[in-house]
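Let's take a walk through this structure together.

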Amino acid sequence: MYTYFFVLAALLYVVCGFLPSRHRVALSAGTALAWLLHGGALWADMIAPGTLRIGFAIVLSATLWVSVAAYWLENRNFSLDGLRVLVLPTAAVAVILPVVFPGSVVPLEGKSSLFPWHIAIAILAYSTLTIAAFHAVLMAIQESRLHAPSEAAKGGWLDAAIDRLPALLTMERLLFRLITFGFGLLTLTVLSGVVFSEQLFGMAFKWDHKTIFTMLSWALFGLLLAGRVWRGWRGKTALRFTLTGFATLLLAYVGSRFVLEVVLHRGLA
């Protein structure tokens, strides 16, 4: 039954992603309705008595679900129409993925009560840094348009959406606010995974590809924040660090699980 909710949420995301920005009330209401359908379907799909369904598609879908909420809330304070045309179509794809790639059911019996919290914090960290990556892409487009001839900066629907974004300095402040919050959540994820590995996963901490990519991403975002404070890093340096850190984080779980589940046809242990 919840498959229909996934499909309906995807359709609403697509409509809201490409609807002209003058329909502000319809966009806000449609996005909120799609988000509620998406969340309800995710809850029904992921959570059952004594079990939790986990996989790359579900984690990606949950990540975009939180990212849509972050966009919707941010858009009430700033005009972020350019973010809408990136986030909502991406969410439309992500919301369908669990239907195609259902992942694996993990029994919660014998696992610590911290395990669901670890998963939730990790998804929040992914989501916050996903929105930060979208921000970085928009800022890169904004910056490139500053150096483009005025006639070349006019064009399609994306150009119009970029024109309605806040000033580049405001976007930069938003970016670092998101990165700071996401870095804090990622730090909690890393610490809980290292310190409570045996209670969370039933095995001692080990250095595998997921851990290495996660730690590398954490180091990149930490270095960016330190460089911002001590060296005043901004502009292209900040954008490169943000996108590289996000790509590394994406490889840490979603990329590795995609290879295991889709390429190698292996479920979760």
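**Starting at a salt-bridge network**

At 28% relative accessibility, Arg228 counts as partly exposed, because buried means under 20% relative accessible area, exposed means over 50%, and partly exposed is what lies in between (1.4 Å probe, protein chains only). Before going further, a word on what you're looking at: this is a predicted model, where local features need pLDDT of at least 70, side-chain atom pairs count only at pLDDT 80 or more, and totals for chains, interfaces and linings use all residues. Residues are numbered from 1 along each chain as its sequence is written, and side-chain values use heavy atoms, with hydrogens and water left out.

So what does Arg228 pair up with in a salt bridge? Its partner is Glu172, with 3.3 Å from N to O. A salt bridge here is a side-chain nitrogen of Lys or Arg within 4 Å of a carboxyl oxygen of Asp or Glu. Arg228 sits in helix 9 (residues 209–230) and Glu172 in helix 7 (residues 168–195), so the pair ties together parts that are 56 residues apart in sequence. When you see helices and strands named, they are DSSP runs numbered from the N terminus: helices are H or I with at least four residues, strands are E with at least two.

Is Glu172 buried or exposed? With 6% relative accessibility, Glu172 counts as buried. Glu172 also forms a salt bridge with Arg234, and there the closest N and O atoms are 3.4 Å apart. This pair links distant parts of the chain too: Glu172 is in helix 7, while Arg234 is in the loop between helix 9 and helix 10 (235–263), 62 residues apart. Arg234 is partly exposed, at a relative accessible area of 44%. Put together, Glu172, Arg228 and Arg234 are linked in a network of salt bridges.

While you're in this area, look at Arg173, which also has its place in helix 7. Arg173 is exposed, with a relative accessible area of 54%. The C-alpha atoms of Arg173 and Arg234 are separated by 10.0 Å, although the two residues are 61 residues apart along the chain.

How many salt bridges does a search of the whole structure find? It finds three. Arg53 is partly exposed at 22% relative accessible area, whereas Asp45 is buried at 9%.

Now step back to the whole chain. There are 10 helices and three strands, and along the sequence they follow the pattern α-α-β-β-α-α-β-α-α-α-α-α-α. Of the 269 residues, 46% count as buried. Contact means heavy atoms within 4.5 Å. Among the contacts in the chain with a separation of 6 or more, 79% come from residues 24 or more positions apart.

Next, find helix 3 (residues 56–74), which packs against helix 5 (residues 114–146) at an angle of about 55°, with the axes 8 Å apart. Axes are lines fitted to C-alpha atoms, for helices over the stretch in contact, and angles run from 0 to 180 degrees between N-to-C directions. Helix 3 and helix 5 are therefore oblique to each other; angles under 35 degrees count as roughly parallel, over 145 as roughly antiparallel, 65 to 115 as roughly perpendicular, and the rest as oblique. Helix 3 passes helix 5 in a right-handed crossing. A crossing is right-handed if the near helix is turned clockwise from the far one by less than a right angle, and left-handed if anticlockwise.

Which residues meet here? From helix 3 they include Ala62, Val66 and Ala70, and from helix 5 they include Ile123, Ser127 and Phe134. The residues of this contact between helix 3 and helix 5 divide into 10 nonpolar, five polar and one charged. Ala, Val, Leu, Ile, Met, Phe, Trp, Tyr, Cys and Pro count as nonpolar, Asp, Glu, Lys and Arg as charged, and the others, Gly among them, as polar.

Helix 3 also meets helix 4 (residues 81–100): their axes come within 8 Å and cross at roughly 150°. Helix 3 and helix 4 are therefore roughly antiparallel to each other, and their crossing is left-handed.
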